[in-house]
Amino acid sequence: SAYIWRSNLESYLFSDIGFREYLRYAFYLLPVWLLLMVSNGLYTIRSTSGLFHQVYRILIVSSTAILFLVVIIFMTQSFFFSRLILVSTWVFAVIYIFLGRLVLQSIQKYLLKYDVGVRRVALIGHGAISDEITGKFQDNQYSGYKIIGFINGSSKPLSSDTKYLGTIENIALLIKKYKLDEVILTDSDSSKKSMADVIRIC
């Protein structure tokens, strides 16, 4: 898009640039761009971060990639690229990546409704902290996490709105039984031995 826009609008102001030459530099830039996107979490499947945060990361990635291209041009002493084509490349990259993220996130949210890609979580301990975590996950249905229940010390509490799974002593069996992906320790009063067992098993 940047090449076509530049060619149509201001080709008479600059030296002739062949499309193959343009693609050559595009291939140099593509791996760097992809690495920057991966390192900034733009390819994280479970990423459901806010719109502002995603735009910020896209701007950082695109700006860094263009800076890398400028360095390549300077080192190879290839000065045929105009400032317009660099700016338009940056603008179109931001737009295309952002639209791609919107499409990806829409697909992700659709799949999360059917528990596809959802990580099954159990909480160890039951109290104010576990209730707060459960509430946050329930308020955000697109968090990518689902609270299956909680695992208590040695006995079932008298009352709870969250499903009771069992005791810490049976955590290995509970993980297999309920197909848990993650376990969150919310009980700071658990014994050191119990915490060590949980860390060893998980």
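Colleague: How many aromatic pairs does the structure hold?

Modeller: The structure holds four aromatic pairs. Rings of Phe, Tyr and Trp (its six-membered ring) pair if their centres lie within 6.5 Å. This is a predicted model: local features need pLDDT of at least 70, side-chain atom pairs count only at pLDDT 80 or more, and totals for chains, interfaces and linings use all residues. Residues are numbered from 1 along each chain as its sequence is written, and side-chain values use heavy atoms, with hydrogens and water left out.

Colleague: What describes a pair of aromatic rings?

Modeller: The distance of the centres and the angle of the planes. Planes under 30 degrees apart count as stacked, over 60 as edge-to-face and the rest as tilted. Take Phe137 and Tyr145: their centres are 5.5 Å apart, with 20 degrees between the planes. That pair is stacked.

Colleague: Is Tyr145 buried, partly exposed or exposed?

Modeller: Buried means under 20% relative accessible area, exposed over 50%, partly exposed in between (1.4 Å probe, protein chains only). Tyr145 has 26% relative accessibility, so it counts as partly exposed. In the protein chain of 202 residues, 35% count as buried.

Colleague: Which elements does the protein chain have, and in what order do they run?

Modeller: Helices (H or I, at least four residues) and strands (E, at least two) are DSSP runs, numbered from the N terminus. The protein chain has seven helices and four strands. From the N terminus on, they run α-α-α-α-β-α-β-β-α-β-α.

Colleague: What is the strand order in the sheet?

Modeller: Two strands pair if DSSP finds at least two bridges between them. Here four strands form an open sheet in the order E3-E2-E1-E4, with parallel pairing. Strand E3 (164-167) and strand E4 (182-185) stand at the edges. Each has a single partner strand, so one side of each is left without a neighbour in the sheet.

Colleague: Over how many bridges do E1 and E2 pair?

Modeller: Strand E1 (residues 119-124) and strand E2 (residues 145-152) pair over six bridges, in the parallel sense. Arg119 has Tyr145 of E2 as its bridge partner. Leu123 has Phe150 of E2. As for burial, six of the eight residues of E2 are buried, so E2 is largely enclosed by the rest of the structure.

Colleague: Which residues touch the most other members in the largest nonpolar core?

Modeller: A nonpolar core is a set of buried Ala, Val, Leu, Ile, Met, Phe, Trp, Tyr and Cys residues joined through side-chain atoms within 4.5 Å. The largest one has 18 residues, and Trp33, Met37, Val61 and Leu69 touch the most other members. Helix H2 (19-39), helix H3 (51-76) and helix H4 (83-112) each supply at least two residues of this core. H3 gives the most, with seven. Apart from this core lies another, of eleven residues, including Ala122 and Tyr178.

Colleague: What is Met37 in contact with?

Modeller: Contact means heavy atoms within 4.5 Å. Leaving aside neighbours within four places in sequence, Met37 is in contact with Leu42, Tyr43, Val61 and Ile97.

Colleague: What span should H3 have?

Modeller: The expected span of a helix is 1.5 Å times one less than its number of residues. For the 26 residues of H3, that should be 38 Å. The end C-alpha atoms of H3 are 38 Å apart, which agrees.

Colleague: Which residues of a helix point the same way?

Modeller: An α-helix has 3.6 residues a turn, so residues three or four places apart point the same way. In H3, the buried residues include Ile58, Val61, Ala65 and Leu69.
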